[in-house]
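The following exercises concern a predicted model. Each task is followed by a solution in steps.

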Amino acid sequence: MSDEDELLRLGDGAKTLLESEVFTKTINDLVNQSFHTFCNSAPDDQKARDLAYHHYRALTDIVHTLQQRVSVRDEIVAKGAADNQQKDS
């Protein structure tokens, strides 16, 4: 399997996850939990706010990585379509 095939496969899997209602709801619930932990922490509890912030950042990093994989896949597909169109001309 070529590197390009692997990127296409990862992009397809990422798109499936991002379109999954269960995945989206789980991520949203965890983001809300982090937000509530952050907001409801005591003013002097910096450790709780730091943990909530890092938890939120980890969740958004996962989603952004998946979105990036879909974008890479889309670019590969578009390039392949453009190359095929040039060959046909």
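Contact here means heavy atoms within 4.5 Å.

**Exercise 1. Determine where F38 lies, how accessible F38 is, and which residues beyond its sequence neighbours are in contact with F38.**

Step 1. F38 belongs to helix α2.

Step 2. The relative accessible area of F38 is 39%. Buried requires under 20% and exposed over 50%, so F38 is classed as partly exposed.

Step 3. When neighbours within four places in sequence are left aside, F38 is in contact with R49 and A52.

Step 4. For the pair F38 and Y56, the separation in sequence is 18 residues, whereas the C-alpha to C-alpha distance is 9.8 Å.

**Exercise 2. Characterise the packing of α2 against α3 by angle, axis distance, handedness and residue class.**

Step 1. The angle between α2 and α3 is about 155°, and their axes are 8 Å apart.

Step 2. Angles over 145 degrees count as roughly antiparallel; α2 and α3 are therefore roughly antiparallel to each other.

Step 3. The crossing in which α2 passes α3 is left-handed.

Step 4. From α2, the residues F23, I27, L30, V31, S34, T37 and F38 take part; they meet A48, R49, A52, H55, Y56, L59, I62, V63 and L66 of α3.

Step 5. Sorted by class, the residues of this contact are twelve nonpolar, three polar and one charged.

**Exercise 3. Describe the position, burial and polar contacts of S41.**

Step 1. S41 is located in the loop between α2 (21–39) and α3 (46–88).

Step 2. The relative accessible area of S41 is 15%. The limit for buried is under 20%, so S41 is buried.

Step 3. The S41 side chain reaches the backbone oxygen of F38 at 2.9 Å. A polar contact also joins the side chains of S41 and R49, at 3.3 Å.

Step 4. Not counting residues up to four places away in sequence, S41 touches A48 and R49.

Technical notes. Residues are numbered from 1 along each chain as its sequence is written. This is a predicted model: local features need pLDDT of at least 70, side-chain atom pairs count only at pLDDT 80 or more; totals for chains, interfaces and linings use all residues. Side-chain values use heavy atoms; hydrogens and water are left out. Helices (H or I, at least four residues) and strands (E, at least two) are DSSP runs, numbered from the N terminus. Buried means under 20% relative accessible area, exposed over 50%, partly exposed in between (1.4 Å probe, protein chains only). A polar contact is a pair of N or O atoms within 3.5 Å; within protein, one must be able to donate a hydrogen and the other to accept it, and residues adjacent in sequence count only if both atoms are side-chain atoms. Axes are lines fitted to C-alpha atoms, for helices over the stretch in contact, and angles run from 0 to 180 degrees between N-to-C directions. Angles under 35 degrees count as roughly parallel, over 145 as roughly antiparallel, 65 to 115 as roughly perpendicular and the rest as oblique. A crossing is left-handed if the near helix is turned anticlockwise from the far one by less than a right angle, and right-handed if clockwise. Ala, Val, Leu, Ile, Met, Phe, Trp, Tyr, Cys and Pro count as nonpolar, Asp, Glu, Lys and Arg as charged, and the others, Gly among them, as polar.
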